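Colleague: Could you take me through the disulfides in this structure, one by one? I am still new to this, so please go slowly.

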Amino acid sequence: FQAEDGIRDKLVTGVQTCALPISLLDTTAALNGVTRLAAGQTVRGQVSKAGVPAGASAVALNITTLNTASSGFITAFPCGIALPTVSNVNVAVGAARQNLAVVPLSSAGEVCIYSYPATDLKVDVLGYYSTSGVARLTPTAPTRVVDTRDLSRETMNAGTAGARIAPATVYTVDLGGERGIPATAKALSVNVTVTSVSATGSITVWGCGTQPPVKTINFTAGATVANAVQVKLSTTGTLCFSGTTNAHVIVDVNGWWA
């Protein structure tokens with residue numbers, strides 16, 4: 001992402017994750033009064049509506065496009081500046097697309113989303129950055145911690161014995177203090193891949209407990225789709241995932257906050 005040096009300095013001083021992924025915008029439900037975007041439209045999101053406190057310097061967002069009218073792109077940026085010449089999500093007709101974006105906030109705590117094509121849009125807040133944050137990111141070489149295609153290792157296949165996950169079933173993986181991840185880890189930076197899907201649907205990854213009403217990945221039948229996500233672990237160091245249809249799930253960890 002692009003940011004001035006002052007903002008960049010704030011980002012490295014600390015991060016605080018939200019209790020759960022929280023929806024900021026959902027045009028399919030007119031959440032916070034925002035409906036389907038017209039081509040060339042920019043919408044504002046006040047992040048305090050998603051539990052982000054005053055003083056936060058940036059947010060981690062999961063941005064998803066649906067029902068897109070034409071090919072194009074989405075750009076997320078702090079309101080009050082000129083539209084940057086970058087894209088956060090590249091979209092296509094007939095395909096749900098999503099991506100992780102870390103976006104600085106305006107002084108009023110707003111993030112702006114520009115859409116080149118007409119589209120429906122969902123934006124979920126995964127966490128926020130603040131000088132008062134209590135955790136720091138430790139990057140690591142990508143490490144596979146879940147692969148439901150694995151035939152023999154239950155710690156890797158989440159108990160599926162190599163079969164695809166079943167719809168509406170919650171799978172729990174112990175990660176805090178396991179496989180090189182410290183027990184003090186509060187949240188993870190992961191890449192989630194879904195493959196061999198039987199039908200159009202979605203998957204949600206979260207820190208166990210009550211499943212949040214957000215989607216980590218949306219996909220169509222037969223597709224292989226990946227998305228980066230920042231996700232808080234439960235107090236016991238577990239990570240949960242659940243899907244709406246049969247699919248194989250792969251999770252790679254590339255860092256943690258502790």
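Modeller: Let's start with the link between cysteine 208 and cysteine 240: the torsion about its S-S bond is about 100°, so this disulfide is right-handed. Its ends sit in distant parts of the chain, 32 residues apart. Cysteine 208 lies in the loop between strand E12 (201-206) and strand E13 (217-219), while cysteine 240 belongs to strand E15 (residues 238-243). Keep in mind that this is a predicted model. In it, the two sulfurs of cysteine 208 and cysteine 240 are 2.2 Å apart, and both of these cysteines are buried.

How many disulfides does the structure hold? There are two, and the other one joins cysteine 79 to cysteine 112, with an S to S distance of 2.1 Å. This pair, too, connects distant parts of the chain, 33 residues apart. Here cysteine 79 is found in the loop between strand E4 (72-78) and strand E5 (89-91), and cysteine 112 is in strand E7 (residues 110-115). The link is right-handed, with 110° about the S-S bond.

Are these two cysteines buried or exposed? Cysteine 79 has a relative accessible area of 6%, so it counts as buried, the limit being under 20%. Cysteine 112 is buried as well, because its relative accessible area is 5%.

Finally, number the bonded cysteines in sequence order, and the pairing reads 1-2, 3-4.

How values were computed:
Residues numbered from 1 in each chain as written. Predicted model: local features only at pLDDT ≥ 70, side-chain atom pairs only at ≥ 80, totals over all residues. Heavy atoms only, no water. Disulfide = S-S within 2.5 Å. Helix = DSSP H or I, 4+ residues; strand = E, 2+ residues; numbered from the N terminus. Buried < 20%, exposed > 50% of the residue type's maximum accessible area, 1.4 Å probe, protein only.
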